[in-house]
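Please find below a short note for a reader who is new to protein structures. The points should be read with the structure in view.

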Amino acid sequence: MKTKQKEFVRGYGYQGGGSREGWARGMHMSGFGADFKNSLKRPGPWRMSIGGFGECLPNHDNYVEVQKDKLDAWGIPTLKINCAWGENEHAMSRDIVVQAAEMLAASGAKDIYAFQEISPPGLAIHEMGTARMGRDPKSSVLNEHNQAHDMKNVFMTDGACHGLQFPASTHPSRTWR
Amino acid sequence: MEFKGRIFFHQCVDAGVHAHPAEFRDAGIPERPGEQQRGIGPQLMDHHMGAGASATMPGHEDKMPFGNRPNGIYIRASAM
């Protein structure tokens with residue numbers, strides 16, 4: 001895969017926004033008395049925050065399996081999830097912090113607070129993969145219509161077809177098709 | 001689990017959806033050499049988050065938003 005990055009492959013985006021601080025900023029300030037409390041009645045300075053959403057590489061060690069001997073309260077076999085971030089995800093997460101701080105600094109921000117507490121897999125609720133799409137039934141589960149190669153009357157209409165975590169173009173292209 | 005019907009559309013949410021490909025593998029699809037390579041079950045993915053930065057933006061203190069904006073901002077690389 002071609003990439004401009006040295007430390008990792010694939011990419012990430014940011015989501016964020018700006019807002020004015022409220023009275024709760026007083027919890028982290030020194031001060032007391034009527035003047036202090038009155039000062040907190042007015043909106044505080046603007047804060048800007050951006051957080052990264054990074055791609056995860058497809059990895060055969062990240063998989064789910066059905067536990068036939070462990071049923072839930074309705075008799076349905078439970079799912080065992082085996083999933084952990086690899087070095088590429090951690091390297092990307094480190095870069096997200098550096099670039100976020102640099103962008104904020106370049107736009108004139110002050111008191112930059114960088115954070116990196118990488119979320120556990122599943123927290124972003126953007127799960128994809130496990131039934132990849134492809135032309136060759138030997139190497140994929142679903143064909144170009146999200147139809148199971150081996151069971152022609154089964155269509156999967158979610159993100160399980162993804163071979164790469166690239167929903168922004170894969171979902172629309174599937175819809176148009 | 002057993003399903004009977006002419007056509008099945010599968011759409012679930014969260015990790016539950018991944019149980020069904022695994023169920024198909026266990027239930028109906030014949031075992032073949034290199035089953036793992038075909039991609040049923042493995043290659044579970046999710047976006048990772050929790051990294052970023054926040055800061056104070058000086059100025060603009062005469063500006064105040066009214067109501068709730070329905071969205072924030074997105075910064076996307078072309079490869080995302």
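1. Met48(A) has Ala55(B) as its bridge partner in S2(B). In that strand of chain B, Ser54(B) is the partner of Ser49(A). The model shown here is a predicted one.

2. These pairs belong to the contact between strand S2 (residues 46–54) of chain A and strand S2 (residues 51–57) of chain B. The two strands run antiparallel and are joined by 6 bridges.

3. S2(A) also pairs with strand S1 (residues 12–20) of chain A, in the antiparallel sense, over 9 bridges. Within S2(A), Gly52(A) stands opposite Tyr14(A).

4. How many strands form the open sheet, and in what order? There are 5, arranged as S5(A)-S2(B)-S2(A)-S1(A)-S3(B), and their pairing is antiparallel. Strand S5 (110–116) of chain A and strand S3 (73–76) of chain B stand at the edges; each has a single partner strand, so one side of each lacks a neighbour in the sheet. From one strand to the next, the twist averages 20 degrees.

5. Helix H2 (residues 87–106) of chain A lies across S1, S2 and S5 of chain A, together with S2 and S3 of chain B. The helix runs at about 10 degrees to S2(B).

6. Why is S2(A) described as largely enclosed by the rest of the structure? The reason is that 7 of its 9 residues are buried, where buried means under 20% relative accessible area.

Conventions
Residues numbered from 1 in each chain as written. Chains lettered and ligands numbered in written order. Predicted model: local features only at pLDDT ≥ 70, side-chain atom pairs only at ≥ 80, totals over all residues. Heavy atoms only, no water. Buried < 20%, exposed > 50% of the residue type's maximum accessible area, 1.4 Å probe, protein only. Helix = DSSP H or I, 4+ residues; strand = E, 2+ residues; numbered from the N terminus. Pairing = 2+ DSSP bridges. Axes fitted to C-alpha atoms, helices over the stretch in contact; angles between N-to-C directions. Contact = heavy atoms within 4.5 Å.
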